[in-house]
Amino acid sequence: MGLRLAELEATRDLSRQICHVDADQFYAAVELKRDPSLKGKAFGVGTGVLTTASYEARLKGCRSGQAVFVAKALCPELITVPNNFAAYVEASGQVMEILGSYDENLQPASLDEAYLDITDYCTQHQMTAEQVVTQLRNEVQEETGLTVSVGIGANKTLAKICSDRNSNRTQWPVRRCSRPSDYHEFHARSASAQNPGHRPSYRAHSLQDLGRFPRYSVVS
Ligand SMILES: [Mg+2]
């Protein structure tokens, strides 16, 4: 390890408990609440392009950002539901209000994603980050009917990587990433699909790519 690198390693602040909270299949989950008859069915939200796909549709290869005609070719029984942004904004507001009680300075990243620093909350309530996150997830589920995946890390990037790993495994233990070794492990696997900004098939090589794959091109 170079001298400069060792110096940076020694001064790295890994003391904060940063969380990345990401609602699971947010748009589909909101639609499911609006129309429970969709439960267990392959459906997608959006008319021209899917903003999200239900779990059953994902099993057939349907994905957010996919043209509906492609999705229907993959899954002929796919039901499409038009976007209802008023409902998404309302659901988002409910989730963010709960998250705001854990960190009033939370940073929403989109309608269904936010970063929060729960370090002070942990200290004040004498709880571990894992306990706080379990409580937070239960609260969101009880009050909104939505489930969220959460990653905990010493910074936003690590937290985001961890929540991606937890995605759709919401009953599994929360993954944590706060030691230098965790950080190196993730970077060593930079070709892994788990690492935002490094997904091989979505990697941006030009500005044009950024327009084509906006969701996957941002390195947080
Ligand atoms: Mg989400």
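Biologist: What should I know about numbering and limits first?

Modeller: Residues count from 1 along each chain as its sequence is written. The model is predicted: local features need pLDDT of at least 70, side-chain atom pairs count only at pLDDT 80 or more, and totals for chains, interfaces and linings use all residues.

Biologist: What is the mean pLDDT of the protein?

Modeller: pLDDT is the predictor's confidence in each residue, from 0 to 100. The mean is 79, and 74% of the residues reach 70 or more. Over residues 169-173 pLDDT stays under 50, and the model has five contacts there beyond four places in sequence. Residues 190-220 also stay under 50, with 32 such contacts. A contact means two C-beta atoms, placed from the backbone, within 7 Å.

Biologist: How many helices and strands are there?

Modeller: Eleven helices and eight strands. Helices (H or I, at least four residues) and strands (E, at least two) are DSSP runs, numbered from the N terminus.

Biologist: How do you know that the span of helix H5 agrees with its length?

Modeller: The expected span is 1.5 Å times one less than the number of residues. H5 covers residues 85-100, 16 residues, so it should span 22 Å. Its end C-alpha atoms are 22 Å apart, which agrees.

Biologist: Which residues of H5 are buried?

Modeller: Ala91, Ser92, Val95 and Leu99. Buried means 20 or more other C-beta atoms within 10 Å of the residue's own; exposed means 12 or fewer; partly exposed lies in between, with C-beta atoms placed from the backbone.

Biologist: What covers the buried residues of H5?

Modeller: The cover includes strand S1 (18-23), helix H2 (26-34), strand S6 (113-117) and helix H7 (129-144).

Biologist: What makes S1 mostly covered?

Modeller: Six of its six residues are buried. Ile18, His20 and Asp22 point one way, while Cys19, Val21 and Ala23 point the other way. In a regular strand the side chains alternate between the two faces of the sheet.

Biologist: How do you know that S1 pairs with S6 and S7?

Modeller: Pairing takes at least two bridges found by DSSP. Five bridges join S1 to S6, antiparallel. Ile18 stands opposite Asp117 in S6. Six bridges join S1 to S7, also antiparallel. There, Asp22 has Ser149 as its bridge partner.

Biologist: Why are S3 and S4 called edge strands?

Modeller: Take the open sheet of three strands, order S3-S2-S4, with mixed pairing. Strand S3 (52-53) and strand S4 (79-81) each have a single partner strand, so one side of each is left without a neighbour in the sheet. S2 (residues 43-45) joins S3 by two bridges and runs antiparallel to it. Gly44 faces Ala53 in that pair.

Biologist: Which residues have the most contacts inside the largest nonpolar core?

Modeller: Cys19 and Leu116, in a core of 43 residues. H2 gives the largest share, six residues. Such a core is a set of buried Ala, Val, Leu, Ile, Met, Phe, Trp, Tyr and Cys residues joined through C-beta atoms within 7 Å. Leu116 touches Cys19, Val21, Leu99, Tyr102, Asp103 and Leu106, not counting residues up to four places away in sequence.

Biologist: Why is Gln25 called buried?

Modeller: Because Gln25 has 22 other C-beta atoms within 10 Å. Gln25 sits in the loop between S1 and H2. Its phi is near 40°, positive in a residue other than glycine.

Biologist: Why is Gln126 called exposed?

Modeller: Because Gln126 has 7 other C-beta atoms within 10 Å. Gln126 lies in the loop between helix H6 (119-125) and H7. Its phi is positive too, about 50°, although it is not a glycine.

Biologist: What makes Gly65 partly exposed?

Modeller: Its count is 16 other C-beta atoms within 10 Å, so it is partly exposed. Gly65 lies in the loop between helix H3 (55-59) and helix H4 (68-74).
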